[in-house]
Amino acid sequence: MQLSARNQLKGKIIDIKKGPVSTEVVIDINGLNIVSSITTGSAESLDLNIGDEATAVIKASSVMIGK
């Protein structure tokens with residue numbers, strides 16, 4: 001699959017917290033954890049499991065940096 005988003009980070013799913021409406025998925029990317037909240041329906045359709053390889057795709061019109 002090709003996507004227009006340039007920020008595609010590959011890693012492994014290390015945690016899944018399933019809720020009735022939304023599911024939190026944590027992906028380990030070289031020691032950095034990326035957390036995504038997706039619908040539980042989407043998580044079930046993707047058949048996500050701990051240990052699966054996955055890609056975090058980040059698409060944003062702006063990126064804020066704080067110090």
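## Close-up views of a predicted chain

**View 1. Three salt bridges in the model.** The structure holds 3 salt bridges, each one a side-chain nitrogen of Lys or Arg within 4 Å of a carboxyl oxygen of Asp or Glu. This is a predicted model, in which local features need pLDDT of at least 70, side-chain atom pairs count only at pLDDT 80 or more, and totals for chains, interfaces and linings use all residues. Residues are numbered from 1 along each chain as its sequence is written, and side-chain values use heavy atoms, with hydrogens and water left out. As a reminder before we zoom in, side chains of opposite charge can pair when their charged atoms come close.

**View 2. The whole chain, for orientation.** The secondary structure comes to 1 helix and 4 strands, running β-β-β-α-β from the N terminus on. Here helices (H or I, at least four residues) and strands (E, at least two) are DSSP runs, numbered from the N terminus. The C-alpha trace spans about 35 × 30 × 25 Å along its principal axes. Of the 67 residues in the chain, 19% are buried. For this and the views below, buried means under 20% relative accessible area, exposed means over 50%, and partly exposed is in between, with a 1.4 Å probe and protein chains only.

**View 3. A salt-bridge network around Lys17.** Asp15, Lys17 and Glu24 are linked in a network of salt bridges. On one side, the side chain of Asp15 meets that of Lys17 at 3.8 Å, N to O. On the other, Glu24 pairs with Lys17, also with an N to O distance of 3.8 Å. How accessible are the members? Asp15 is partly exposed at 27% relative accessible area, Lys17 is partly exposed at 47%, and Glu24 counts as partly exposed at 33%.

View 4. The side chains of Lys18 and Glu44 meet in a salt bridge of 3.2 Å, N to O. This pair links distant parts of the chain, with Lys18 in strand S1 and Glu44 in helix H1 (residues 40-46), 26 residues apart. Lys18 counts as exposed, at 56% relative accessibility, while Glu44 is partly exposed, at 47%.

**View 5. The largest pocket and its lining.** The largest pocket has a volume of about 320 Å³. Of the 14 residues that line the largest pocket, the closest to its centre are Ile27, Ser36, Ile38, Thr55 and Ala56. On a 1 Å grid over the protein atoms alone, a pocket is an open set of points where a 1.4 Å probe fits, with protein on both sides within 12 Å along at least five of seven lines, and lining residues have an atom within 4 Å of a point. Grid points are joined across faces, edges and corners, and the volume is the space filled by probe spheres set on the points. Strands S2 (22-29), S3 (32-39) and S4 (53-58) each supply at least two residues of the lining, and the largest share, 5 residues, comes from S4. By class, the lining has 12 nonpolar, 2 polar and no charged residues; Ala, Val, Leu, Ile, Met, Phe, Trp, Tyr, Cys and Pro count as nonpolar, Asp, Glu, Lys and Arg as charged, and the others, Gly among them, as polar.

**View 6. A nonpolar surface patch.** Met1, Leu3 and Val57 make a nonpolar surface patch of about 350 Å². Patch residues have over 30% relative accessible area and no salt bridge, and nonpolar side chains (Val, Leu, Ile, Met, Phe, Trp, Tyr) are joined within 5 Å. The accessible areas come from the Shrake-Rupley method with a 1.4 Å probe, and for residues only the protein chains shown count as cover. Leu3 sits in the segment before strand S1 (7-18) and is partly exposed, at 40% relative accessibility.

**View 7. Two loop residues with positive phi.** Most residues other than glycine have a negative phi. Asn30, in the loop between S2 and S3, has a positive phi of about 50 degrees although it is not a glycine. Asn30 is exposed, with a relative accessible area of 80%. Asp47, in the loop between H1 and S4, has a positive phi near 55 degrees and counts as exposed, at 53% relative accessibility.

**View 8. Thr39 and Gly19.** Thr39 lies in strand S3 and is partly exposed, at 45% relative accessible area. Thr39 and Gly19 are 20 residues apart in sequence and 8.8 Å apart in space, C-alpha to C-alpha.

How values were computed
Patch = residues over 30% accessible without salt bridge, like charges linked within 9 Å, V, L, I, M, F, W, Y side chains within 5 Å.
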